[in-house]
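Work through the exercises below with the sequence and the model side by side. Each task is followed by a solution in steps.

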Amino acid sequence: MYRVGDMVMYGSTGVCRVQRIGALDGSPQDNTQYYMLAPVFDTEIIYTPVDTRAFMRPILTKEQAEALIARIPDIPEDVCTGCDIKLLSERYRACLRTHDNDDLIRLIKSVYLKNERAIHAGRHMGQIDQQYMKRAEKLLYGELAVALDMPFEQVQPYIKKRIREIEKQKNAGAQR
């Protein structure tokens with residue numbers, strides 16, 4: 001059970017703070033205990049039973065967040081060439097449903113590289129790609145922002161900087 005003040009990942013909402021735990025106001029017959037969750041990057045309040053089957057887990061620690069960023073270059077993208085929109089949407093939804101950061105990274109990297117290829121071919125990023133990439137970035141970057149105690153907008157530049165540093169260290173080690 002979580003405690004008031006805990007930061008959790010909740011469903012497709014992302015990072016939430018547990019504001020309160022208890023019965024719902026105005027329902028004296030209901031003995032069910034609820035978490036009152038306040039999304040960090042949104043304004044609504046979410047009430048979910050303590051024994052909910054919805055996805056919920058503690059956010060990453062700072063150390064876990066740094067380790068995840070260090071592994072990004074080794075996480076392969078998912079190549080979906082010739083996928084129709086329906087199949088592509090299902091693949092992206094499946095990545096989001098796992099609630100796994102590696103899958104979110106895989107989705108973001110896949111769409112990013114697909115977009116790079118489209119730009120070189122004189123095309124634009126597809127709406128489906130753009131929509132799912134934004135959802136994956138919201139979840140991943142939101143958790144990393146809270147874990148690393150930085151503004152959401154600084155997460156992507158921070159990741160790029162850290163990956164450059166990691167690759168530079170690998171290259172220096174390989175030259176020895």
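**Exercise 1.** State whether His-99 is buried, partly exposed or exposed, and find its place in the chain.

Solution. Step 1: buried means under 20% relative accessible area, exposed means over 50%, and partly exposed lies in between (1.4 Å probe, protein chains only). Step 2: His-99 has a relative accessibility of 24%, so it counts as partly exposed. Step 3: His-99 sits in the loop between H2 and H3; helices here are DSSP runs of H or I with at least four residues, strands are runs of E with at least two, and both are numbered from the N terminus. Step 4: the phi of His-99 is positive, about 60 degrees, although His-99 is not a glycine.

Two notes apply throughout: the model is predicted, local features need pLDDT of at least 70, side-chain atom pairs count only at pLDDT 80 or more, and totals for chains, interfaces and linings use all residues. Residues are numbered from 1 along each chain as its sequence is written, and side-chain values use heavy atoms, with hydrogens and water left out.

**Exercise 2.** Find the residue with a positive phi that follows H4, and describe its surroundings.

Solution. Step 1: the residue is Asp-149, with a phi near 55 degrees. Step 2: Asp-149 is not a glycine either. Step 3: the loop between H4 and H5 holds Asp-149. Step 4: with a relative accessible area of 72%, Asp-149 is exposed.

**Exercise 3.** Describe the chain as a whole: its elements, their order and its extent.

Solution. Step 1: count five helices and five strands in the protein chain. Step 2: read along the sequence, the pattern is β-β-β-β-β-α-α-α-α-α. Step 3: along the principal axes, the C-alpha atoms fill a box of roughly 65 × 45 × 25 Å. Step 4: of the 176 residues in the chain, 38% are buried.

**Exercise 4.** Which residues of H5 are buried, and how are they placed around the helix axis?

Solution. Step 1: the buried residues of H5 are Val-155, Tyr-158, Ile-159, Ile-163 and Ile-166. Step 2: seen down the axis, these buried residues fall within an arc of 130 degrees, so they line one face of H5; the arc is that of the directions from the helix axis to the C-beta atoms. Step 3: on the other side of H5, Arg-164 and Lys-168 are exposed.

**Exercise 5.** Trace the salt bridges that involve Glu-165.

Solution. Step 1: a salt bridge is a side-chain nitrogen of Lys or Arg within 4 Å of a carboxyl oxygen of Asp or Glu. Step 2: Glu-165 pairs with Lys-161, the closest N and O atoms being 3.8 Å apart. Step 3: these two residues are four apart in helix H5, so about one helical turn separates them. Step 4: Glu-165 also meets Arg-162 in a salt bridge, at 2.8 Å from N to O. Step 5: Arg-162 and Glu-165 lie three residues apart in H5, about one turn of the helix. Step 6: Glu-66, Lys-161, Arg-162 and Glu-165 are linked in a network of salt bridges. Step 7: Glu-165 is partly exposed at 30% relative accessible area, and Lys-161 is partly exposed at 41%.

**Exercise 6.** Which parts of the chain does the salt bridge between Lys-170 and Asp-74 tie together?

Solution. Step 1: the side chains of Lys-170 and Asp-74 meet at 3.5 Å, N to O. Step 2: Lys-170 lies in helix H5 and Asp-74 in the loop between helix H1 (62-71) and helix H2 (85-97), so the pair ties together parts 96 residues apart in sequence. Step 3: Lys-170 is partly exposed, with a relative accessible area of 43%, whereas Asp-74 is exposed, with 55%. Step 4: a search of the whole structure finds eleven salt bridges.
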